[in-house]
Amino acid sequence: MADLAARTHAAWVAFATHGDPGWEPYGTARRATMHIDDAWRLRYGAPASSAGESAVGPTAAVPVPAPRD
């Protein structure tokens, strides 16, 4: 859990500092969304429905910034 918190914090700091959290921004053509869990995955396609269904489309593992000391 500490690793997840540190990775999430690092992504927020990168976004706040440079405007880039380290992954592709969302756009209507590709609909890239980052799914944050033990493994962070960038998914493409329609977002998950309100019924809890999975997002449709391919996924790609994305390196996430390591926390800085």
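Helices (H or I, at least four residues) and strands (E, at least two) are DSSP runs, numbered from the N terminus. In this predicted model, local features need pLDDT of at least 70 and side-chain atom pairs count only at pLDDT 80 or more, while totals for chains, interfaces and linings use all residues. Residues are numbered from 1 along each chain as its sequence is written, and side-chain values use heavy atoms, without hydrogens and water.

The protein chain contains one helix and three strands, in the order α-β-β-β from the N terminus.

Two aromatic pairs are present. Rings of Phe, Tyr and Trp (its six-membered ring) pair if their centres lie within 6.5 Å; planes under 30 degrees apart are stacked, over 60 edge-to-face and the rest tilted.

| Pair | Centre to centre | Angle between planes | Class |
|---|---|---|---|
| Trp12 and Phe15 | 6.2 Å | 80° | edge-to-face |
| Trp23 and Trp40 | 5.9 Å | 75° | edge-to-face |

Trp12 and Phe15 are three residues apart in helix α1 (residues 2-18), so about one helical turn separates them. Trp12 is exposed at 58% relative accessible area, and Phe15 is partly exposed at 41%.

Trp23 lies in the loop between α1 and β1 (33-35) and Trp40 in the loop between β1 and β2 (41-43); their pair therefore ties together parts 17 residues apart in sequence. Trp23 is partly exposed at 22% relative accessibility, whereas Trp40 is buried at 3%.

Beyond its neighbours within four places in sequence, Ala11 is in contact (heavy atoms within 4.5 Å) with Pro21, Trp23 and Trp40.

Definitions and conventions:
Buried < 20%, exposed > 50% of the residue type's maximum accessible area, 1.4 Å probe, protein only.
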